[in-house]
Amino acid sequence: MFSAVESRRLYRQVADQMRSLIERGELVPGSRLPAERELAQMLGVSRPTVREALIVLEVEGFVDIRMGSGIYVNARKPVLADLPPEDFEGPFELLRARAVVECAVAEEAARLARPEHILVLDDNLAQMAASLNDRHRALALDRDFHVIVSGIIANATLTRFVGSIHDMRMTPYFEKLASYFENTETWRAAMEEHCAIRNAIAAGDPAAARAAMRAHLDQSQFRLSESFEEKPADSTIPAAWSRGGGN
């Protein structure tokens with residue numbers, strides 16, 4: 001059984017434990033790992049943490065994520081890519097940070113918005129409506145929307161911070177995770193959530209703007225947390241998982 005991990009970039013520690021088992025040959029190439037829920041229980045961490053660790057290992061080439069089947073140890077020799085630094089934030093950590101900052105931003109924007117700000121938001125939403133089939137364009141417009149909202153407050157530091165936290169999504173980890181779940185319909189849902197934020201800001205309703213932003217970010221996390229649709233776990237767990245194996 002895995003040992004519980006310490007509080008240091010938990011998803012990296014989880015990835016380290018799994019990688020160590022694979023490199024030692026205790027997890028056989030081609031074998032299927034236990035489901036995310038089981039892994040989370042074994043490691044004493046949340047399912048988002050396990051998901052972030054699995055994405056790290058897939059980007060590194062140690063596992064294959066097969067939608068509708070599960071997570072398999074890669075039979076090919078891993079080819080390590082140019083990866084972000086060890087201390088780089090995971091996708092769910094970024095979303096939690098955004099929830100703290102951007103909900104307050106939307107609340108304040110609703111107090112300060114003028115008609116010209118709403119026109120800029122409307123233009124952004126119109127462009128996004130025409131770009132739902134173009135992921136890279138939709139992603140850029142998504143960033144622009146949140147920067148526009150922060151710009152209403154007219155604080156350059158805050159606007160720069162919101163832009164930079166969105167730019168931190170552009171890592172191999174976030175890209176790989178998003179590739180499984182982002183599509184025309186998820187971008188349509190995000191756009192509709194943006195519309196709710198816009199309407200609350202236009203109405204000058206700080207509480208509604210904060211709530212709309214929180215709902216949007218909660219839904220963003222939910223969309224990235226949907227199951228990989230693993231089949232039910234086998235009744236027998238590989239021997240490596242029943243022994244201690246942490247780094």
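**Cavity lining, helix geometry and local contacts**

The largest share of the lining of the largest cavity, four residues, is contributed by α10 (helices being DSSP runs of H or I with at least four residues, numbered from the N terminus). The model is predicted, so that local features need pLDDT of at least 70 and side-chain atom pairs pLDDT 80 or more, whereas totals for chains, interfaces and linings use all residues. Residues are numbered from 1 along each chain as its sequence is written, and side-chain values use heavy atoms, without hydrogens and water.

One cavity of 30 Å³ or more is present (a set of points on a 1 Å grid over the protein atoms alone where a 1.4 Å probe fits but cannot get out, with lining residues having an atom within 4 Å of a point). The largest cavity holds about 210 Å³ (the space filled by probe spheres set on the points, which are joined across faces, edges and corners). Of its 15 lining residues, Arg169, Glu182, Trp187, Ser220 and Arg223 are the closest to the centre. Two or more lining residues each come from α4, α6, α8 (172-181), α9 (184-202) and α10 (206-225).

Ala154 lies in the loop between α6 (135-151) and α7 (156-167). Its phi is positive, near 60°, in a residue other than glycine.

Notes. On a 1 Å grid over the protein atoms alone, a cavity is a set of points where a 1.4 Å probe fits but cannot get out, and a pocket is an open set with protein on both sides within 12 Å along at least five of seven lines; lining residues have an atom within 4 Å of a point.
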